[in-house]
Amino acid sequence: MRVAAIDCGTNSIRLLIADGSVGGSGEVELQEVARELEIVRLGQGVDATGAFHPEALQRTFAAVDSYAELIKKHACEGVRFVATSAARDAANSAEFFDGIADRLGVPAEVITGAEEAELSFRGAVHGLPSDQITDPVLVMDIGGGSTELVLGGTTGIARAVSLDIGSVRLTERFARHDPPTPDELSAAAHLVDELLDGCGIDLTSVTTWIGVAGTATSLSAIHQGLRSYDRALVHASRLTRARLGELATELAGRTSAERVETYALHPGRADVIPFGALIADRVAERVGIDLLISETDILDGIVLGLLDMALVEMRQPDTLEG
């Protein structure tokens with residue numbers, strides 16, 4: 001069965017089309033058909049105004065139009081569109097929801113924090129070698145508007161939190177210069193530390209730390225000196241605690257233009273990556289172990305969920321009426 005998942009965040013919108021089958025162990029296996037990413041900055045100004053900017057909506061709808069064409073081209077049997085932080089915060093969200101439904105024929109779902117955690121955790125762990133993972137596992141997703149921390153293991157999720165600190169949110173709130181000044185970075189770090197200290201997760205207990213999504217994968221690509229992005233090299237790579245600190249300092253010391261010129265970095269991330277790196281560095285200070293990078297994340301979790309439901313329906317015996 002072929003399905004499509006779209007994850008719409010504060011900074012980017014991403015598409016995964018995949019075929020699913022049941023492996024020998026009875027687990028659902030994925031074969032990727034297409035994976036796309038567009039930087040649309042849907043959360044532009046939401047933190048300050050409480051509403052989506054018209055240009056941000058226009059960029060997002062243009063990306064969804066292109067995704068709708070791909071979904072049609074690949075004859076997907078199931079589609080799910082998930083919206084996260086920015087959609088929760090916007091006063092004019094109806095315009096967003098109506099635009100998505102018109103283009104895709106399915107609703108844009110603002111999922112609960114609990115479901116988001118489950119999808120992110122399952123997707124992140126699914127794509128990594130089992131011999132690299134020991135419990136307890138912390139999955140970290142640094143988005144544009146928020147950062148999700150999910151603690152779990154083979155028995156399920158123990159605790160999940162969503163913190164109102166993301167690369168775009170911190171940039172818009174604290175950055176007044178390019179590159180940011182030490183005082184701006186210090187003020188942002190103070191907020192991050194405050195929220196991490198009160199998050200309710202014992203970060204020192206973690207034995208496997210997994211990073212997913214744009215900030216983590218971009219940091220790995222920068223660390224490896226990639227001149228063009230290579231998912232195969234990024235997936236299952238590692239960043240040490242010390243290296244994360246070096247990257248945070250290095251990125252904060254360059255202008256946005258210099259970051260684009262120097263690294264394999266999408267221009268749409270160049271202005272916000274210092275604050276994403278800052279968040280990762282502050283988590284690393286508490287976890288104290290290497291960060292394992294996963295290219296599979298909430299998108300893969302959404303696809304696995306769609307396939308689970310389809311397989312359940314296929315296995316149900318036919319019933320006769322009357």
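Mentor: Let us begin with handedness. In this predicted model, helix 10 passes helix 12 in a left-handed crossing.

Trainee: How is such a packed pair described in general, and at what angle do the axes of helix 10 and helix 12 cross?

Mentor: Two packed helices are described by the angle between their axes and by the distance between those axes. Here the axes of helix 10 (residues 241–252) and helix 12 (residues 273–287) come within 9 Å and cross at roughly 155 degrees. An angle over 145 degrees counts as roughly antiparallel, and helix 10 and helix 12 are therefore roughly antiparallel to each other.

Trainee: Which residues make the contact between helix 10 and helix 12?

Mentor: Helix 10 contributes Arg 241, Leu 244, Gly 245, Ala 248, Leu 251 and Ala 252. From helix 12 come Ile 273, Pro 274, Ala 277, Leu 278, Ala 280, Asp 281, Ala 284 and Glu 285. By class, the contact of helix 10 with helix 12 comprises 10 nonpolar residues, one polar and three charged.

Trainee: What is the handedness of the crossing of helix 7 and helix 12?

Mentor: Helix 7 passes helix 12 in a right-handed crossing. The axes of helix 7 (residues 182–197) and helix 12 come within 10 Å, at a crossing angle of roughly 45 degrees. Helix 7 and helix 12 are therefore oblique to each other. On the helix 7 side, the contact involves Glu 184, Leu 185, Ala 188, Ala 189, Val 192, Asp 193, Leu 196 and Asp 197. These meet Phe 275, Leu 278, Ile 279, Arg 282, Val 283 and Arg 286 of helix 12. Nine residues of the contact of helix 7 with helix 12 are nonpolar, none is polar and five are charged.

Trainee: At what angle do the axes of helix 6 and helix 7 cross?

Mentor: The axes of helix 6 (residues 167–174) and helix 7 cross at roughly 130 degrees and come within 10 Å. Helix 6 and helix 7 are therefore oblique to each other, and helix 6 passes helix 7 in a right-handed crossing. Leu 170, Arg 173 and Phe 174 of helix 6 make the contact with Glu 184, Ala 187, Ala 188, Leu 191 and Val 192 of helix 7. The residues of this contact divide into six nonpolar, no polar and two charged.

Trainee: Let us turn to the pocket. What volume does the largest pocket have, and how many residues line it?

Mentor: The largest pocket has a volume of about 720 Å³. Its lining holds 39 residues, of which Arg 14, Leu 37, Ala 213, Gly 214 and Arg 269 lie nearest the centre. By class, the lining has 11 nonpolar, 17 polar and 11 charged residues.

Trainee: Which element gives the most to the lining of the largest pocket?

Mentor: Helix 8 does, with five residues. Elements that each supply at least two residues of the lining include strand 2 (12–22), strand 3 (28–39), helix 5 (113–126) and helix 13 (298–315).

Trainee: Finally, how should I read the backbone?

Mentor: Most peptide bonds are trans, and most residues other than glycine have a negative phi. In this model, a cis peptide bond joins Asp 135 and Pro 136, with omega about -5 degrees; Pro 136 lies in the loop between helix 5 and strand 6. The bond from Asp 178 to Pro 179 is also cis, with omega near 5 degrees, and Pro 179 is in the loop between helix 6 and helix 7.

Trainee: What is the phi of Arg 41, and where does this residue lie?

Mentor: Arg 41, a residue other than glycine, has a positive phi near 50 degrees. Arg 41 is placed in the loop between strand 3 and helix 1 (46–49).

Notes:
Residues numbered from 1 in each chain as written. Predicted model: local features only at pLDDT ≥ 70, side-chain atom pairs only at ≥ 80, totals over all residues. Heavy atoms only, no water. 1 Å grid on protein atoms, 1.4 Å probe; cavity = no way out; pocket = protein on both sides within 12 Å on 5 of 7 lines; lining within 4 Å. Points joined across faces, edges and corners; volume = space filled by probe spheres on them. Helix = DSSP H or I, 4+ residues; strand = E, 2+ residues; numbered from the N terminus. Nonpolar A, V, L, I, M, F, W, Y, C, P; charged D, E, K, R; others polar. Axes fitted to C-alpha atoms, helices over the stretch in contact; angles between N-to-C directions. Parallel < 35°, antiparallel > 145°, perpendicular 65-115°, else oblique. Left-handed = near helix turned anticlockwise from the far one by under 90°. Contact = heavy atoms within 4.5 Å.
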